[in-house]
Amino acid sequence: MTTPEVKIHVEDLTISYSDGTESLRNVTLDIYAHQINVLFGPSGGGKSTLLRTLNRLNDLADVVTQTGSILLDGEDILAPSYNIIRLRRRVGIVFARPVPLPISIYANITYGLELAGTRGRAELDEAVERSLKQAVLWDEVKDRLSDPAHALSGGQQQRLCLARSLALQPEVIMLDEPTSGLDPISTAKVERTLQEIKTNYTIVLVPHSVQQAARTADWAAFFLQGELVEWGNSSQIFTTPKDPRTDEYITGRFG
């Protein structure tokens, strides 16, 4: 298997909070371009902390220790001089609970674009159609774009939030358990969407189960209590995983 291009390189990253909650210890890994990079493991392992650090949301948290570096296309995004607004245009995030804005479906998509200075109606229309198609939502809402976003189902709201992020055309899309509250049909639509859009984006996914991790991952990283136990391509991780107690490979699959 040919190793793809590295989009993000995390080097010796350590993070801890003042209240002693979820942290990371000496994490080093690569996130590959145009691949689905899955971070999985038990709750409290540090996965969400890593996501928040990748677009500097941790700047808003009570972090007492942060060492190491994160290189996005070779630039250290943790450097004090790095432009955070630029970073968040390049690295978008979709959270577990969909939070559509209390405005129309159309306005949800265009809100970020208008804040960024896009005003032309034709350009906004194109972005709405493009992003909704990428999120596999266009056919379901194209005739009711003026309806309130909260009228959508939970699965549709989650795909709307993904479309809202895609409208800004980031380079990296991060998703933190985006299907945890969805039914199997909506979950399958989101997973299919990720497979389709990875040709244009780098995807970092925290799945809601090991089964979802195995279904979706091109590359996977297993976290346990703040440490990266194993990282590699999905065929190896989910066929011959390591035992974190012995650091030896286990014959058989994750269940």
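The largest cavity holds about 40 Å³ of space. Please keep in mind that this is a predicted model. With a threshold of 30 Å³ or more, the count comes to one cavity.

Which residues line the largest cavity? They are L29, D30, I31, N37, V38, L39, W219, A220, A221 and W231. By type, this lining divides into eight nonpolar residues, one polar and one charged. Three strands each supply at least two residues of the lining: β2 (24-32), β3 and β9 (219-224).

Two of those strands, β3 and β9, bring us to the sheet. Six strands form this open sheet, in the order β6-β7-β8-β3-β9-β10, with mixed pairing. At its edges are β6 (91-94) and β10 (227-233), each of which pairs on one side only. On average, neighbouring strands of the sheet are turned by 15 degrees against each other, direction ignored.

Helix α6 (residues 154-167) lies across β6 and β7, and runs at about 170 degrees to β6. Helix α7 (residues 184-197) lies across β7 as well, along with β3 (36-40) and β8 (202-206), and runs at about 150 degrees to β8. That brings us back to β3, which also supplies at least two residues of the cavity lining.

How values were computed:
Residues numbered from 1 in each chain as written. Predicted model: local features only at pLDDT ≥ 70, side-chain atom pairs only at ≥ 80, totals over all residues. Heavy atoms only, no water. Pairing = 2+ DSSP bridges. Helix = DSSP H or I, 4+ residues; strand = E, 2+ residues; numbered from the N terminus. Axes fitted to C-alpha atoms, helices over the stretch in contact; angles between N-to-C directions. Contact = heavy atoms within 4.5 Å. 1 Å grid on protein atoms, 1.4 Å probe; cavity = no way out; pocket = protein on both sides within 12 Å on 5 of 7 lines; lining within 4 Å. Points joined across faces, edges and corners; volume = space filled by probe spheres on them. Nonpolar A, V, L, I, M, F, W, Y, C, P; charged D, E, K, R; others polar.
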